[in-house]
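Thank you for making time this morning; I would like to walk through one model with you, going from domains to sheets to helices and then to the chain contact. Please have the viewer open as I speak.

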Amino acid sequence: MTAIIKRELVSFFKNPIGWFVIAIYTFLSAILFTLFVIWQNTSYLGDYFGFWLFFVDMIVVGILSMRFFSEEKKNKTDQLLLTSPISLYQLVLGKFFGALIIFLTCTCVNFFYVLVIDIFGTVDYGCLFTNLIGTVLVISSMIAIGLFVSALTESTIAAAAATIAILFFMFVIDFFAMFFPTWLADILMHGNIYAQFDDFTNGILNLPPIIYYLSVTVIFLFLAVRMIERRRWS
Amino acid sequence: MITVSGLTKRYGNKIAVNNISFTINQGDIVGILGPNGAGKTTTMNMITGYISSHAGKISVDGHDLLEEPSKAKASIGYLPEIPPLYHDMTVREYLSFVYDLKGCSKKENIKKKKEHLAEVCEVVKITGVYNRLIKNLSKGYKQRVGLAQALIGDPPILILDEPTAGLDPKEIVEIRNLIKRLGSRRTVLLSSHILSEVQAICERIIIMNEGFIVMDALADDLTMRMGANSRYGVRLAAPEDADVIGVLGALPGVAKIEYVGSFEKGTIDFIIEAEKKTDIRRLLFEECAKRNWYILMITPLGMSLEDIFIQLVSQNDEQRALEAKNREKEKNARSAPNNNAEEKKDGKIGEVKDGDKNDGNY
């Protein structure tokens, strides 16, 4: 698993696309920080970490998902991975942690923003802490979804588009709830990936959202493993 | 070393590999030969665990591939048709990654990373490009890096899928020699659709066509089995006016005789071919002795592997067509009595015959 993580990191930082992703994240997060913190003349970070940064995360995970399995399949390097003496779980977890580390590297820019607030105001470290925990959990579930989608297709573009589409659907899923019977509408309302993030932005560390994000992560990682396994049997 | 039994793989309705079985012993260099679409790559992909089979069992180095996949895979070094290379890595980074991926650092019998990689690079002769990006290497070097990847961890079995595909003649010879060297202390299974390649490298050949094993034999036996004793190159010392071709061509059992030329003074060279399952050597000798013609040289000319392959594949096709025809006949024969019985039961059989007769009379 460590070998896969290492390979992901080396590959990400050696390719222009890696630096492009970091640049996009930094640029967009800087705009959001200016809009929601500096222009609002506040030290509250909840609005910054909320709605719009979610979209940025979606785009970044979408771009990252191209590299997970679609690219390996396209370049036939999956033959090396699948014929090596590691299990599919190790392979998928290696990819997952690799992507998570890459994403966390992107989010390091947030510490710079915290420093700015610390110089000119007071940082609410409790709120910052819950937002960071929430971000890690959300990103984990998004990456797991991206891994699953990437295992479905050989096309890197399709993987990115489908990942963004699915994440967007999970973002607006409660809008569709009104078209369904009550029992299903309830489930859909709770399925909204953003709604679960509210507590974190308000500085609350609640168990249900944590369980929600962990469940999504585990389920989609499991589905990614099953999908790769299924492709071997088809 | 490798035991395959009843292996089957389907892609939708198409059966890519159809119930094949074979065993490869330790130290064997075996070639799987067949045209494109014969099922060679699918077979190799199943043995290496890249894809799963729909039926059958695979055992590698005593480990069942389904029950102990990690142990079975650890015994194999696999070079697919397109080497699985990361073009954004240098050779050093790539081989280091493969070393970690195969968990070599935990194996007691494997040397430390630096030494092991240096050793493998030395064997496949890529030391000169060790620090270069893979994407900048020539096709031949990429193939060597792919081979180096397969050798990492010192696996006792090497599986090579069309290892010389797309290389230039010089590189082909070099890679062939390299495989031969590697095969001296390893079990090697390689596939190719280039017959001369398999002939040059392998001791045993498995011929596949449309998912079936058409033949499994030692390379030398294969040629002999397919009629090497029926074709000879002969050099004969005979008077200039003698009608050698006419006389010998008229012998019973001679299918064909072909004049080749005169390469020594007072001699002629020809190729004589006997009918199937006929040994013409004695008759040839007796006829020549009777006429005081001296046989200076007689060389059995085995069929080339190309000839054998075409013959086997066409035989296999004919056999399967015959089997299909027989099955159809049996099916018809089985259904015919039932039809008759039904017709008798309805009391229609006589009526029909009468009707036929009437039609004829009119």
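Predicted model: local features only at pLDDT ≥ 70, side-chain atom pairs only at ≥ 80, totals over all residues.

How many Å separate the centres of domain 1 of chain B and domain 2 of chain B, taken over C-alpha atoms? The separation of those two centres is 46 Å. Residues are numbered from 1 along each chain as its sequence is written, and chains are lettered from A and ligands numbered from 1 in the order in which they are written.

For chain B the assignment, whose bounds come from an automatic or database source, gives domain 1 as 2-224, domain 2 as 227-300 and domain 3 as 308-361.

One open sheet has four strands in the order β2-β1-β4-β5 of chain B, paired antiparallel, and its edge strands, each pairing on one side only, are β2 (14-24) and β5 (63-64) of chain B. Within this sheet, β1(B) and β2(B) are antiparallel and share seven bridges, with I20(B) in β2(B) as the bridge partner of L7(B). The hairpin of these two strands has two residues between them, and there G12(B) takes a positive phi near 65 degrees. On the other pairing, five bridges join β1 (residues 2-11) of chain B to β4 (residues 55-60) of chain B, again antiparallel, and S5(B) has K57(B) as its bridge partner in β4(B).

Another open sheet of four strands, also with antiparallel pairing, has the order β12-β13-β11-β14 in chain B; its edge strands are β12 (254-261) and β14 (294-300) of chain B, and the twist averages 25 degrees from one strand to the next, where angles run from 0 to 180 degrees between N-to-C directions and axes are lines fitted to C-alpha atoms, for helices over the stretch in contact. Seven bridges connect β11 (residues 231-237) and β13 (residues 267-274) of chain B, and R231(B) is partnered by E273(B) in β13(B).

Moving to chain A, α1(A) and α6 (residues 88-106) of chain A pack at about 40 degrees with their axes 8 Å apart. The two helices are therefore oblique to each other, given that angles under 35 degrees count as roughly parallel, over 145 as roughly antiparallel, 65 to 115 as roughly perpendicular and the rest as oblique.

Finally, the contact between the chains takes 20 residues from chain A and 22 residues from chain B, two residues being in contact if their C-beta atoms, placed from the backbone, lie within 7 Å. On the side of chain A that touches chain B, α1 (2-14), α5 (78-82) and α13 (207-233) of chain A each supply at least two residues, and the largest share, seven residues, comes from α1(A). I will stop there and take your comments.

Note on methods
Pairing = 2+ DSSP bridges.
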